Amino acid sequence: MNPKIFLTGATGYVGGDALYALTKAHPDYEYSLLVRNEERGKPVAAAYPNARLVYGGLDDIDIIKKEAAAADIVIHTANSADHMPSTQAIAQGLVAGHSHTAEKPGYWIHLGGTGILTWYDFEHARYGEAPLPSQRYHDVDDIERIVNLPDTAMHRDVDKAVLAANANAAVRTLIISPPTIYGQGRGPVNRRSIQVPGLVEQTLRGGSAPVQAPGLAEWDHVHVHDLGAFYVLAVEAALDAARNKNPDIFGPSAYYFLENGTHRWSDVSRWVAAEAAAQGLIPEPATRDVDSPWYGVNSKGVAARARRFLGWVPKAPALKDTIPEVVAFEAEKMKKEGVQLFKAILYFDFMTLS
């Protein structure tokens, strides 16, 4: 019998790319996909005609419970880091569907995020500063620190609920906590990330790239295709009897950071400004100081677990190498939406003054 996978977020950036990678690697698996309604599901059905679409939202608890109970593996990516009702429903569904045998638990691959590591800077209003040594978290050596972060940390309440599900032998979890995700996704609907495209949009609107002074804050990053590849490895591990009982792979210590490099946000701003100027979208490669804490807090994780236990090897292009594509894409997107770029505003003002 083919493995049964229940996935939320097929129309999203991460979930869509994960589904693409999984169906390419394992087209024979049985995929059940939660989508909001039939209209939203049309592009998903067109891309994956063999998948079964389940219509409902994250607050449709009974639907989620039923699907989780019937699945061998649940992959939760739709607002998964912060939506508690769907988290609780998945836990309850897996218990209901798998409690009859501890020999075959349900596996749960949950998407969180390294925003959880920004807690110290937000708590101390510490913006734009370089990371402290204590803000670096190694996902194997520092696992006790990671699974015991302060309750005030972003995503922490949902993380705790996922980790607690392992108390029942019917459930085994794996938390993926990626940092800045970049690159064009391969899903059927949303293929656009948030952080870097958002910075590009601010640059094209304002004519210069934003920097949270003094510009020393650092984040890690991972390409969405490398993230998709990890989902394939995680699913394969869940189905491998030689690995799925390993507590370093699934269980309360199975917390994975994914990164293939690090960046200062101020450097990204300079890359974006230089490329936008080179493409003639802003007059010069300039930056400007702003009060934007999200580009001024630190998130530093070491992705040792994925490499050590699942053999994950990131292969996608570096973040800096994707900047030209992102700038061009965002400029075209803004034009289609009728958003006036800074260059156009600048030229209009110059002509009216001359």
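Predicted model: local features only at pLDDT ≥ 70, side-chain atom pairs only at ≥ 80, totals over all residues.
Most residues other than glycine have a negative phi, and most peptide bonds are trans. Against that background, the peptide bond from Ala 213 to Pro 214 is cis, its omega lying near 5 degrees, and Pro 214 is found in the loop between β9 (209-211) and β10 (218-223). Asn 79, a residue other than glycine, has a positive phi near 50 degrees; its place is in the loop between β4 (73-76) and α4 (84-98), where Asn 79 counts as partly exposed at 46% relative accessibility. Ala 125 likewise is not a glycine, yet has a positive phi of about 45 degrees, and this residue lies in the loop between α5 (119-123) and β6 (136-138), exposed with a relative accessible area of 52%.

Turning to the side chains, the structure holds 18 salt bridges. In one of them, Arg 186 and Asp 17 meet at 2.9 Å, N to O; because Arg 186 lies in the loop between β8 (180-182) and α8 (195-206) and Asp 17 in helix α1 (residues 13-25), the pair ties together parts that are 169 residues apart in sequence. Arg 186 is partly exposed, with a relative accessible area of 24%, whereas Asp 17 is buried at 0%.

Arg 126 forms a salt bridge with Asp 121, with the closest N and O atoms 2.9 Å apart; Arg 126 is buried with a relative accessible area of 16%, and Asp 121 is buried at 0%. Glu 218 and Lys 300, both buried, form a further salt bridge, with 3.2 Å between the closest N and O atoms. Since Glu 218 lies in strand β10 and Lys 300 in strand β14 (residues 300-302), this pair ties together parts that are 82 residues apart in sequence. Finally, salt bridges that share partners join Arg 192, Glu 201, Arg 205 and Glu 330 into one network.

Notes
Residues numbered from 1 in each chain as written. Heavy atoms only, no water. Helix = DSSP H or I, 4+ residues; strand = E, 2+ residues; numbered from the N terminus. Buried < 20%, exposed > 50% of the residue type's maximum accessible area, 1.4 Å probe, protein only. Salt bridge = Lys/Arg side-chain N within 4 Å of Asp/Glu carboxyl O.
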